[in-house]
Amino acid sequence: MERLDGRVAFVTGVARGQGRSHALRLAEEGADIIGVDLPLDITTTHYPMAVEDDLAETAELIAKTGRRAHLRQADVRDLRALRTVIDSGVVAFGRLDIVVVNAGIFSLGAALDLDEQVWQDVIDVNLTGAWHTVKAATGHIRAGGRGGSIIFTASAAALLPPPGIAHYNAAKAGVNALMKTLAVELGPEYIRVNSVNPGNVDTAMIDNETTRRLFMPELEHPTKQDAEKPDSAYVRVNAIPIPWLESIDISNLVVFLASDQSRYLTGAAIPIDAGYVLKKA
Ligand SMILES: NC(=O)c1ccc[n+]([C@@H]2O[C@H](COP(=O)([O-])OP(=O)(O)OC[C@H]3O[C@@H](n4cnc5c(N)ncnc54)[C@H](O)[C@@H]3O)[C@@H](O)[C@H]2O)c1
């Protein structure tokens with residue numbers, strides 16, 4: 001018997017990166033997966049969003065685990081679209097136990113230089129989208145009367161905000177405030193609410209030249225190999241000398257938070273960052 005046999009999880013940003021990895025680990029542990037990812041690209045980021053083929057590939061990978069997948073295109077900024085996917089997924093799978101609030105975007109700029117649309121897109125996706133997700137999903141957990149687990153993806157940047165990404169820091173700090181509020185409001189119903197706060201994770205969000213230049217401004221065209229060097233800025237910020245975590249490292253924490261092994265853990269903003277926050281503080 002796996003840790004999540006018979007459970008159903010809803011995952012946002014499921015087409016690739018950490019969201020796909022979370023969905024696969026949850027499925028390997030026995031959960032059926034409802035999920036969404038964007039129908040259209042977002043133009044204020046410096047890297048492309050997932051496409052329909054990525055979503056289809058995630059669905060195939062889930063099917064290979066033997067679990068069921070109900071994945072659709074929907075934007076977390078669109079509450080009605082989210083409700084349609086979640087409601088139809090719950091009709092198909094019969095219940096909802098776990099929500100993984102993972103979809104997010106990243107863009108760069110000094111706080112006072114940020115374009116209004118750049119600011120707004122990050123707040124809309126990373127903070128309002130997170131609230132939409134729990135607003136659309138939590139009623140289904142409640143209806144089951146069995147408790148459940150909500151896991152937000154915030155960021156180490158929420159715990160120790162670096163310069164150059166004020167909008168991202170503010171949105172993710174807001175996610176942690178939302179998480180703590182919900183932990184108290186939903187505790188009486190045995191619905192636990194926590195957040196994972198990753199340091200750098202090797203996904204499309206950071207595996208691009210523009211993000212690398214934030215860390216290594218002295219290089220005109222910083223490569224992934226530059227970032228992996230033992231003395232690179234990526235490595236030096238962490239207590240454990242690695243440049244980044246892998247998605248699976250975050251997924252293993254997500255599975256723990258989703259399972260009954262963490263049954264009295266709620267309201268926690270958990271850093272998973274190779275010691276980045278502690279070393280920087
Ligand atoms: N990669 C890192 O270093 C890092 C560090 C800390 C936190 N995070 C957070 O982890 C989460 C996952 O990011 P990732 O690293 O897997 O990057 P990613 O870009 O590979 O994945 C993000 C996914 O979210 C989707 N998405 C974006 N906006 C959406 C929207 N409005 N509606 C629905 N789907 C949307 C994208 O299409 C993509 O599939 C994000 O919340 C991110 O902020 C990432």
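## The tail end

Let's start with Ala281, which is placed in the segment after H11. Helices and strands here are DSSP runs, numbered from the N terminus; a helix is H or I with at least four residues, and a strand is E with at least two. This is a predicted model: local features need pLDDT of at least 70, side-chain atom pairs count only at pLDDT 80 or more, and totals for chains, interfaces and linings use all residues. Residues are numbered from 1 along each chain as its sequence is written, and side-chain values use heavy atoms, with hydrogens and water left out.

Is Ala281 buried or exposed? Ala281 counts as exposed because its relative accessibility is 78%. The cut-offs are under 20% relative accessible area for buried, over 50% for exposed, and partly exposed in between, using a 1.4 Å probe and protein chains only. Along the chain, Ala281 is 121 residues from Leu160, yet their C-alpha atoms are separated by 7.3 Å.

## Around the ligand

Now for the ligand, which sits in the largest pocket. A pocket is worked out on a 1 Å grid over the protein atoms alone: it is an open set of points with protein on both sides within 12 Å along at least five of seven lines. A molecule "sits" in one if more than half of its atoms lie within 2 Å of the grid points. There are 29 residues around the ligand, and Asp37, Asp75, Asn102, Tyr168 and Thr203 come nearest. To be near, a residue needs one of its heavy atoms within 4 Å of the molecule.

What is this shell made of? It divides into 15 nonpolar, 10 polar and four charged residues. Here Ala, Val, Leu, Ile, Met, Phe, Trp, Tyr, Cys and Pro count as nonpolar, Asp, Glu, Lys and Arg as charged, and the others, Gly among them, as polar. Helix H1 (17-28) and helix H6 (166-186) each supply at least two residues of the shell.

Arg16 has a side-chain N or O atom 2.8 Å from an oxygen atom of the ligand. For Asp75, a polar side-chain atom lies 2.8 Å from a ligand nitrogen atom. On its own, the ligand has 830 Å² of accessible area, and the protein covers 99% of that. Such areas come from the Shrake-Rupley method with a 1.4 Å probe; for residues, only the protein chains shown count as cover.

## Two positive phi angles

Most residues other than glycine have a negative phi. Tyr190, though not a glycine, has a positive phi of about 60°. You'll find Tyr190 in the loop between H6 and strand E6 (191-198), and it counts as exposed because its relative accessibility is 63%.

Ala274 also has a positive phi, near 55°. Ala274 belongs to the loop between strand E7 (269-272) and helix H11 (276-280). With 11% relative accessibility, however, Ala274 counts as buried.

## Inside two helices

Helix H10 (residues 247-258) holds Ser251, which is buried, with a relative accessible area of 0%. Which side chain does the side chain of Ser251 contact? The partner is His22, in a polar contact of 2.8 Å.

Over in helix H7 (residues 209-215) is Thr211, buried with a relative accessible area of 1%. Thr211 and Gly187 are 24 residues apart along the chain, and 38 Å separates their C-alpha atoms.

## Along strand E3

Strand E3 (residues 69-73) contains Arg72, which is partly exposed at 41% relative accessible area. Arg72 is 31 residues from Ala103 in sequence and 14 Å away in space, C-alpha to C-alpha.

Ala69 lies in strand E3 as well. A relative accessible area of 34% makes Ala69 partly exposed. From Ala69 to Gly164 is 95 residues in sequence and 38 Å in space, C-alpha to C-alpha.

Note on methods:
Polar contact = N/O pair within 3.5 Å; in protein donor to acceptor, adjacent residues only side chain to side chain. 1 Å grid on protein atoms, 1.4 Å probe; cavity = no way out; pocket = protein on both sides within 12 Å on 5 of 7 lines; lining within 4 Å.
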